[in-house]
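Okay, everyone, thanks for coming. Let me put the structure up, and then I'll talk you through a few bits of it.

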Amino acid sequence: MSLAPTAPRRPLPGPLWHLGLVLALGIWVALYRQLVPLSEALTALLPVDRHSATGEAVAFFLYDVPKVLMLLALIVFAMGVVRSFFSAEKTRALLSGKRSGIGNLLAALLGIVTPFCSCSAVPLFIGFVSAGVPLGVTFSFLIAAPMVNEVALVLLFGLVGWQVAAAYLGFGLAIAICAGWVIGKLQLEGWLQDWVRDIHTGASAPELGQNRLTLIDRYRQGWTALREIFAKVWLWVLLGIAMGALIHGYVPQDLMVQIMGAGAWWSVPAAVVMGIPMYTNAAGVIPIVEALLGKGAALGTVLAFMMSVIALSLPEMVILRQVLTLKLIAVFVAVVASGILAVGFLFNLIF
Amino acid sequence: MKHIKVFGPGCKRCETTAAMVTEAAQKLGLEVSVEKVTDPREIAMAGVLSTPGIAIDGTMVHAGGLPEAAKIEGWLSA
């Protein structure tokens, strides 16, 4: 119940919002530019040798944690504001009756900006399919929405670099588009659970007047998103970076290169298979990813692992089992896994 | 008496929403019955795309995300 304010608060007046936002941005920029000296100063206060393994690990931790949390705060707020312009209902209206190809592309892009919680996956799936959104297009949306999200992208950007973040964005979208397109071409509508095919809700969901928002309302939604996501991921970020710091300081490089280096061809499929039963959000997995990379694990292998963890998860399949037959789930997993494999091998070849 | 349905598969947000509705009704001194709908089939049939959704006496008033407490009170007293 901590999320529900008990006393009705006076809404802040508009000018105060704008002023506060500008001020917060200013402080953010000033602080972000001072992160290196600040973290070094903090490390120096501790009774450890800066050049020992412990010193390395501590400095890594003290720099990365504030950096990642600050980037996360900025982007999550911005995305919260952007998402207030979209809704599942509008997305459905845009996608309904779209041809495959252009429909898949649009669905994957909308998957990034449409507010989506994995617990609404089933109602959303049924709502889309029953309102005339093609099955393959619906899948493109459902693959892109969790995989290409701002938390994953920010963490990759902050910890590994913008090239990798951009590659993840591009290839994540490509997988969502292609996998959905392939599923659409296979014409598997008959493999839905019987009751799903019989539902015709039509696109008659009530228009709830959510597009009559003021800019302040949208700021407020951004703020809500920020609080919600932070409450969910801060511990994971901390744990993940701590893990990363340990690997950074202690795990010998040769071991990682042997297990996850580009030389071992089987490492990509192994990473994908390992990722399926693991279920965590992007925040939990990425700092580990960074430390693995730092120790010589191949980029493609690590990305494949990450995509597999986020996009293919057992709990989600159990949920989807309510609307899809096992056959269809198997096809879904096979198609997405092939896409991830291709990305993994391609990356290992390129970099 | 108003009959309120909260649609959601039982995630944390849906629980919070149901609790907020009950709380708002108590605050306004209204007698209501709050029913949680968790069956995906029923949720879909009601036309809810994003959960949690709220319907009051059969009319959808909200879908997707936590509603604001002040808004709930508005719907309840309308």
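Predicted model: local features only at pLDDT ≥ 70, side-chain atom pairs only at ≥ 80, totals over all residues.

Residues are numbered from 1 along each chain as its sequence is written, and chains are lettered from A and ligands numbered from 1 in the order in which they are written.

Chain B, then. We've got three helices and four strands there, going β-α-β-α-β-β-α from the N terminus. Those are DSSP runs numbered from the N terminus: helices are H or I with at least four residues, strands are E with at least two. The radius of gyration of chain B is 11 Å, close to the 12 Å from the globule rule for 78 residues, so chain B is as compact as a globular protein of that length. That radius is over C-alpha atoms, and the rule is 2.2 Å times the number of residues to the power 0.38. The C-alpha trace of chain B spans about 35 × 20 × 15 Å along its principal axes.

Of the 78 residues in chain B, 42% count as buried, where buried means 20 or more other C-beta atoms within 10 Å of the residue's own, with C-beta atoms placed from the backbone.

Which of its 112 residues touch the most other members? They're A:Ile143, A:Ala144, A:Val302 and A:Val336. Helix H9 of chain A, residues 162–185, gives the most to this core, with eleven residues.

H9(A) also packs against helix H5 of chain A, residues 102–113, at an angle of about 135 degrees, with the axes 9 Å apart. Axes here are lines fitted to C-alpha atoms, for helices over the stretch in contact, and angles run from 0 to 180 degrees between N-to-C directions. The residues making that contact include A:Ala108 and A:Gly111 of H5(A) and A:Ala176 and A:Gly180 of H9(A), contact meaning backbone-placed C-beta atoms within 7 Å.

Last one: A:Ser130, in helix H6 of chain A, residues 121–130. A:Ser130 counts as buried because there are 20 C-beta neighbours inside 10 Å. A:Ser130 and A:Arg197 are 67 residues apart in sequence, yet 7.3 Å apart in space, C-alpha to C-alpha.

Technical notes. Buried ≥ 20, exposed ≤ 12 C-beta atoms within 10 Å, placed from the backbone. Core = buried A, V, L, I, M, F, W, Y, C linked by C-beta atoms within 7 Å. Contact = placed C-beta atoms within 7 Å.
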